Structures are given as C-alpha cells and as structure tokens.
Amino acid sequence: MKMLQPQQAGIWELAQHLYKSRQGWRHPIYLIHAMTAKCNARCGFCAWNPEFYQGHDELSTEEVKTLYRDARRAGFMALSMWGGEPLLRRDFSELAQFAKAQGFLTHIVTNGFLLEKKLDEVAPHLDRICISVDHPSEKHDQLRGTKGLYGKILSATLRLKSRYPSTKIVYNYTIQKANADPETLEEMARLMKQLGVVGIFNGLRVDAAMPDGQEVDLAAYNPSDEALTQAFRKVEELKRRGFPIVNSYTHIRKMIHAPMRYRCHWPKFMLPIEANGDVVDCMHWGTRPIASLRDISLAEVLEHPRLQALAGPAGEACHQCVSLHRVEISEAWEGRVEPLVSWARALA
C-alpha cells in the first residue's frame, strides 16, 4: 500500500479532526508560536513593526521545550514557528529539532533573509517553509524595507529545492497597492511555477498587536475595494489556468465579493502563543492575553473559559480577518470540502 507523505498525512488528520470536532469540541490541535518579536525587516503595514510593538522576556530554550512537550502530550499535531523573524533566535535549530523529535508537523514563517545562511541547520527539521514574497523583483526589498532580500530569497529557494526536495516551500504574497495589478500577479504566478513552489495570496490583515491608541495605517497600503476585487479575479483566473496557487476558490470568491462574511472557527483549531508565553485572545491580539504560560500550565490554559468562549458563539460572531487560513478552516468546519481539497492538491 502506498504510504502517505507527511504533508498528505497532516491534511488527512485535519480532515478527521474536523469531522470528529463537529460532534464535540475538545481543544485546539495546531500550536502557533511567535518565537520572537524581533525582526530584521521593516514592513510598514505590519503590526509587529518595532514602531508599534515591542516584544520582551522571550521564553527561554527550556521553557519553549516544555511548551512543545506539553502540547504534543495534549494531542497537538502541528506547530507553526514565526515571529517577528524566528530565525533571529539563536536556538531556533535546536528548538525545531526538538519539535520534530516530539512528532510535530513543523512549519516556519520567515522573511527569508537568513534562510540560506542557516539552511542546513534548520531545513532537516521542517516539513514546510513559508516565505513572505510580495513582488517578483527587487521591488520586494522596498516593500519589506530590507536591501538584498529578494535575491536572498531566490538563492535560498534554489538551494532548498536542490538539497531538501521533500520540504514544501510556500510563497506568501500580501496584496497591496504596489503589487495588486494583474500583470504583477501573473508574473508572480509564473515565478512560483518556474521555481516549483506553491503560493498563497492574502489581503492585508487587521491585528490588534500594538499598544492601545496606536494603529497601523493600512489605508496607506491597502488597494481600493475595486482593485482588490480585480486582483482576486486575476488570482482565480491563474488558479484555473493551472498555476500553483493554494487559495481555494471558496476563499478567492469571498475576497472578490468583499466585505468578508463567515462564521469563524479558527480558535477551535489554533492556539497562538506570544514570545513571552502569553496565550493570545485572537480578538484582541497582543493586548488582552488569556493567560501566561509562566503563571499556569498548558493543561490549565486548555480549560480556560475564555478559550472555550472563543471556540463558541463569541469567536463565531467575528469575521474581521481576511487571512486564507482563518477563512478556509472556518469554511471547512461548516462542511465545505473544497478548501481541504485545494490544500491537499497544492501540497501533494
């Protein structure tokens, strides 16, 4: 019998969990760990920009290992490591290796600047590497405020494909005023196909990860409603033409027919942890943590009334996020299989 690859097995496990969870929620199964708030990019639209958000008191290496060990024992099956820029942590490779040894499906979200330099330290312990790429040229450097970044991403991608062909590479393209035109979107899709990577196209998110009274001026970066609609019409066309696009038609059509409307089930599956051990209330990201893992155990967190409220009517009433992951998980929970099929095909 043909064995399932890790990515396919993960999709299958998620489908099983979706089915079982509809009969009675237990707790999330996917850990999202913002390993650090430090970042070497300066993306103006990002709520984690140091101008707005200062992380401090990161969990130590041993504290992170305790978190990962406890999460795996509780039944969590996947781990996303991000930041900030997770590769800025000197112990990243040690923690990724530990997570993999625990049995996690491992995923990193990175800007790619340090990826080639640390490739052989980290790639053996990662199932999926997601790299933020917002333009198919050096203009990406301007959008991310980091000189030489685009070249480093291309070089790291080619080396990854050569040395670690089983590691899935995902390019995450954030649609903005500067890259929403159909010509740039097509050029980006062609680049993804040429490099043998798959792509996610996302709109800008609103996150409350900054001190009260401060906010990121997304209007300076967001395309007009008309431009965003046309951008996602182009994404839909590119997907139909066979370009390697992860977005489901379900998500694409919701972006075309904005404003977004859905019942959010994301908190049923995802548990976000900040760099200092705060368990995040996703409706008040970074400003009203549910609890701190330095004060109570993960087992106690999983029984917390607020976490359970977010998995019920309180969370389901929210539809502020346009992120592909939040929309597609929510739609799959509602019984729509097309998002799961889209992911399975893209990651096969």
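These legends describe close-up views of a predicted model.

**View 1. The largest nonpolar core and its most connected members.** This core holds 88 residues, and Tyr68 and Tyr171 touch the most other members. Helix 7, residues 182-195, gives the most to this core, with six residues. In soluble globular proteins, nonpolar side chains tend to be buried together.

**View 2. The surroundings of Tyr68.** Neighbours within four places in sequence are left aside here. Beyond them, Tyr68 is in contact with Leu31, His33 and Met35, with Leu79 and Met81, and with Leu95, Phe98, Ala99 and Phe104.

View 3. A separate core has nine residues, including Cys130, Val170, Val198 and Ile200.

**View 4. Gly84 in its loop.** Gly84 lies in the loop that runs between strand 2 (78-82) and helix 3 (92-102). Is Gly84 buried or exposed? Its relative accessible area is 18%, and Gly84 therefore counts as buried, since the cut-off is under 20%. Thr36 is 48 residues away from Gly84 along the chain, yet the C-alpha atoms of the two are separated by 5.5 Å.

**View 5. The crossing of helix 7 and helix 8.** The axes of helix 7 and helix 8 (residues 225-240) come within 10 Å and cross at roughly 35°. The crossing is right-handed. On the helix 7 side, Pro182, Leu185, Glu186 and Ala189 make the contact; on the helix 8 side, Ala231, Lys234, Glu237 and Leu238 do. Sorted by class, the contact of these helices has five nonpolar residues, three charged residues and no polar ones.

Methods:
Residues are numbered from 1 along each chain as its sequence is written. This is a predicted model: local features need pLDDT of at least 70, side-chain atom pairs count only at pLDDT 80 or more; totals for chains, interfaces and linings use all residues. Side-chain values use heavy atoms; hydrogens and water are left out. A nonpolar core is a set of buried Ala, Val, Leu, Ile, Met, Phe, Trp, Tyr and Cys residues joined through side-chain atoms within 4.5 Å. Buried means under 20% relative accessible area, exposed over 50%, partly exposed in between (1.4 Å probe, protein chains only). Helices (H or I, at least four residues) and strands (E, at least two) are DSSP runs, numbered from the N terminus. Contact means heavy atoms within 4.5 Å. Axes are lines fitted to C-alpha atoms, for helices over the stretch in contact, and angles run from 0 to 180 degrees between N-to-C directions. A crossing is left-handed if the near helix is turned anticlockwise from the far one by less than a right angle, and right-handed if clockwise. Ala, Val, Leu, Ile, Met, Phe, Trp, Tyr, Cys and Pro count as nonpolar, Asp, Glu, Lys and Arg as charged, and the others, Gly among them, as polar.
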